[in-house]
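Could you walk me through this model in the viewer? I would like to know what to select next and what is there.

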Amino acid sequence: MNDAAQGFAFLKGHGTENDFVIVPDPYGRIELTASDVARLCDRRAGLGADGVLRVVRSAAHPEAARCADEAEWFMDYRNSDGSVAEMCGNGVRVFARHLERAGLVEAGDLAIATRAGVRRAHIAKPTADGAPGDITVEMGTAALPGGEVTVSVGERSWPARNVNMGNPHAVTFVASLDEAGHLLEAPGVAPVTAYPEGVNVEFVVDRGPRHVALRVHERGSGETRSCGTGACAVMVAAARRDGLDPAVTGEPVTYVVDVPGGRLVITERPDGRVEMTGPAVIVAEGTVDMAWLRG
């Protein structure tokens with residue numbers, strides 16, 4: 001780990017209880033292996049998290065250097081098993097909160113580079129009682145690949161909607177969230193050719209007009225308390241199921257999406273842009289002991 005032979009700083013944060021270990025590494029000097037990430041995220045023997053957010057200046061990272069003129073900071077996101085991921089919507093909010101808290105950006109608009117492209121965020125000013133303001137993230141546009149997809153748990157199966165938000169999702173509507181089972185293992189998805197690099201699976205129920213709730217199995221992490229890109233995928237799938245398409249009507253559509261860890265508000269604009277608004281909280285900081293990490 002180059003300049004981190006004795007240890008390196010970390011923070012812990014969450015967005016609607018989708019939690020992350022944050023590793024500030026502005027000059028790209030910390031090398032995190034897949035086993036390092038898995039050890040950090042271990043909920044019994046490590047710090048515990050759904051993933052790791054490494055905070056690197058875009059100019060210092062080979063995958064983001066081309067974005068340096070547009071976005072100063074790159075979110076190097078890893079799933080809890082150490083695998084590399086394209087994007088994480090809740091992670092972007094937590095990433096932005098860290099930048100604000102560290103004095104690297106101020107409330108207002110900023111751009112963040114990810115493997116799925118540059119994402120725009122807006123940090124609201126603190127509320128009247130001093131609580132941190134919500135963060136809105138422009139999540140890009142949804143792609144809706146054609147073809148039939150089926151999700152299965154045990155002997156039961158349901159048709160699903162294939163939605164891509166920079167990462168792949170299979171969204172299925174069920175009568176009860178209990179039908180998703182324990183979600184310790186990934187649900188079955190067919191055909192396998194629809195998702196050659198794996199998929200996040202969302203089970204969705206209706207709570208009211210333009211109000212849904214979900215449970216999600218994230219590839220590489222298992223069931224999580226929240227999934228930002230998943231909430232966006234669910235919103236788009238629900239809107240199309242309900243006959244709503246902002247590109248056709250010229251009017252934005254907003255859904256409230258409840259996740260096990262809280263509530264997100266998702267809006268799709270007539271130009272296809274999907275925006276997610278929700279909280280982000282930093283709860284702790286400290287130093288990772290290298291003797292432990294590599295022991």
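**A tour of rings and cores**

Start by selecting Trp 158: its relative accessibility is 8%, so this residue counts as buried. Keep in mind as you go that the model is predicted.

Trp 158 and Phe 203 form an edge-to-face aromatic pair, with 5.9 Å from centre to centre and 85° between the planes. Colour the strands next: Trp 158 belongs to strand 9 (residues 156–164) and Phe 203 to strand 12 (residues 200–208), so the pair ties together parts 45 residues apart in sequence.

A search of the whole structure finds two aromatic pairs. For the other, select Phe 20 and Tyr 77: their ring centres are 5.9 Å apart and their planes meet at 75°, so this pair is edge-to-face. Phe 20 sits in strand 2 (residues 18–24) and Tyr 77 in strand 4 (residues 73–79), so parts 57 residues apart in sequence are tied together. Phe 20 and Tyr 77 are both buried.

Move on to Arg 241, whose charged end sits over the ring of Phe 173, 4.4 Å from the ring centre.

Finish with the cores. The largest nonpolar core has 52 residues, and Met 75, Val 257 and Ile 266 have the most contacts inside it. Show helix 3 (residues 228–241), which supplies the largest share of this core, nine residues. Apart from that core lies another, of 16 residues, including Ala 160, Leu 177, Val 199 and Val 205.

Last, centre on Met 75: beyond its neighbours within four places in sequence, its contacts include Leu 53, Met 87, Phe 95 and Ile 112.

Conventions:
Residues numbered from 1 in each chain as written. Predicted model: local features only at pLDDT ≥ 70, side-chain atom pairs only at ≥ 80, totals over all residues. Heavy atoms only, no water. Phe/Tyr/Trp six-rings, centres within 6.5 Å; stacked < 30°, edge-to-face > 60°. Helix = DSSP H or I, 4+ residues; strand = E, 2+ residues; numbered from the N terminus. Buried < 20%, exposed > 50% of the residue type's maximum accessible area, 1.4 Å probe, protein only. Lys NZ or Arg CZ within 6 Å of the ring centre and 35° of its normal. Core = buried A, V, L, I, M, F, W, Y, C linked by side-chain atoms within 4.5 Å. Contact = heavy atoms within 4.5 Å.
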